Number of protein chains: 2
Amino acid sequence: MADQHSHNLARRGLMFILSSPSGAGKTTVARRLLAEDGEIAMSVSVTTRPPRPGEVDGKDYHFVDRAEFARMVEDGEMLEWAEVFGNNYGTPKAHIKAGLKAGQDFLFDIDWQGTQQLYQRMETDVVRVFLLPPSIDELEDRLRGRGTDSEQVIEGRMSRARSEISHWDGYDFVVVNDDIDECFAKVRTILDAERMRRARQTGLVDFTRGLMRQDPGSA
Amino acid sequence: MADQHSHNLARRGLMFILSSPSGAGKTTVARRLLAEDGEIAMSVSVTTRPPRPGEVDGKDYHFVDRAEFARMVEDGEMLEWAEVFGNNYGTPKAHIKAGLKAGQDFLFDIDWQGTQQLYQRMETDVVRVFLLPPSIDELEDRLRGRGTDSEQVIEGRMSRARSEISHWDGYDFVVVNDDIDECFAKVRTILDAERMRRARQTGLVDFTRGLMRQDPGSA
């Protein structure tokens, strides 16, 4: 163990949460992270929503019926769950816990309520990152979309965005997305640094024990 | 404020602590950080040790006599202090506190005891990084130096190094120095990420208030 390189030391995975108001670039950042970083995987949710064409069970979602979902909640098998437009969505605990122990990082694309639930259950495993748009004008431009929606629809989107933004202070890191490349680089920097946290580097116990051996000749 | 770029948002500085056993590359990393990063400065200690040739008061150290040092400790003007080989060294509080408020980061090259003292006083402002040598053989090679020292002297150094290493778990981040460039890059990643912590980004209060304004037309 003592001669292993640092990046090979065993480590515990982390739960990387990305939240943002709609239109702040979260989906782009999440996709790029999954494409470019081999150590992080999307957390696969359990849902009662029926599969859409092309969706694969166990990859996009774990599709279950209402009775099974209720049983999982009842038996404490969910780390967090919520109802959205009449369907239930949840994060299954067993898979995440086994993954973290094996050094797998998980990406979560969830809102502030899901973030709060995950944090309450998994505190030190969670890293919470919030993305913000660069300005109110930019936010409005993005939410106006192609200009075919009514003012009422747009005001509804603005209102939801404002409400999401109001939870910025429940996050560990906040990144303003002026430029998508710069924003992505910042998110990666946060992820890379958090992996170096002493508390996640489970291999350090053996490694430092090796460094402190009295008789290096026997190494 | 609302249209400012993220890297221009006001932020509180941080206290970046680098510790390591002798020979693990701390001095090299510290010098490079100071040379390449314009936002971090070395913390200037107060000492009772007489100036050495070329040392500048207020730059290398603040040189004071024993009475003045004792007064500063007495009046609570030191964040931490220690006696080394009969001389006193301390970190003056007022300068650091004013700097942090203005967004200045400070670098500290101190041992685990100084780290503990700083952490107890300044908790959330402190980021603690520990560097480790890649192996026990490498550590011994480095401590043997040019091979002119007696086994007894070398064993003394090994013993001090082991003792310093035993405190690795009192740090937030641990980096193994296999390669000085890689090690330096990792230390910078940690510093860059920590600067993005929500709690240090004091400008976010105004920035998010701007984003949540009801009437963007008046922006």
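This is a predicted model: local features need pLDDT of at least 70, side-chain atom pairs count only at pLDDT 80 or more; totals for chains, interfaces and linings use all residues.
Helices, here runs of at least four residues, and strands, runs of at least two, are DSSP assignments numbered from the N terminus. Residues 13-192 of chain A carry the UniProt annotation "domain: Guanylate kinase-like", taken from an unreviewed entry.

The interface between the two chains was then examined. The size of an interface is often given as the accessible area lost when the parts come together. Between chain A and chain B about 4400 Å² is buried, and carbon and sulfur atoms account for 63% of this area. Of the area that chain A buries against chain B, 16% comes from Ile136(A), Arg198(A) and Leu211(A), more than from any other three residues. The contact involves 49 residues from chain A and 49 residues from chain B.

Two salt bridges are found between chain A and chain B; one of them joins Arg197(B) to Glu194(A), with the closest N and O atoms 3.2 Å apart. Residue pairs in polar contact between the chains, both at pLDDT 80 or more, number 18.

On the side of chain A that touches chain B, two or more residues are given by each of α5 (136-144), α6 (151-165), β9 (173-176), α7 (180-195) and α8 (204-211) of chain A. The most come from α7(A), which gives seven residues. By residue class, this side of chain A comprises 24 nonpolar, 11 polar and 14 charged residues.

How values were computed: Residues are numbered from 1 along each chain as its sequence is written. Chains are lettered from A and ligands numbered from 1 in the order in which they are written. Side-chain values use heavy atoms; hydrogens and water are left out. Contact means heavy atoms within 4.5 Å. Buried area is the accessible area (1.4 Å probe) that two parts lose on being put together, summed over both. A salt bridge is a side-chain nitrogen of Lys or Arg within 4 Å of a carboxyl oxygen of Asp or Glu. A polar contact is a pair of N or O atoms within 3.5 Å; within protein, one must be able to donate a hydrogen and the other to accept it, and residues adjacent in sequence count only if both atoms are side-chain atoms. Ala, Val, Leu, Ile, Met, Phe, Trp, Tyr, Cys and Pro count as nonpolar, Asp, Glu, Lys and Arg as charged, and the others, Gly among them, as polar. UniProt positions are given in the numbering used here, feature names are shortened, and annotations may be inferred rather than shown by experiment.
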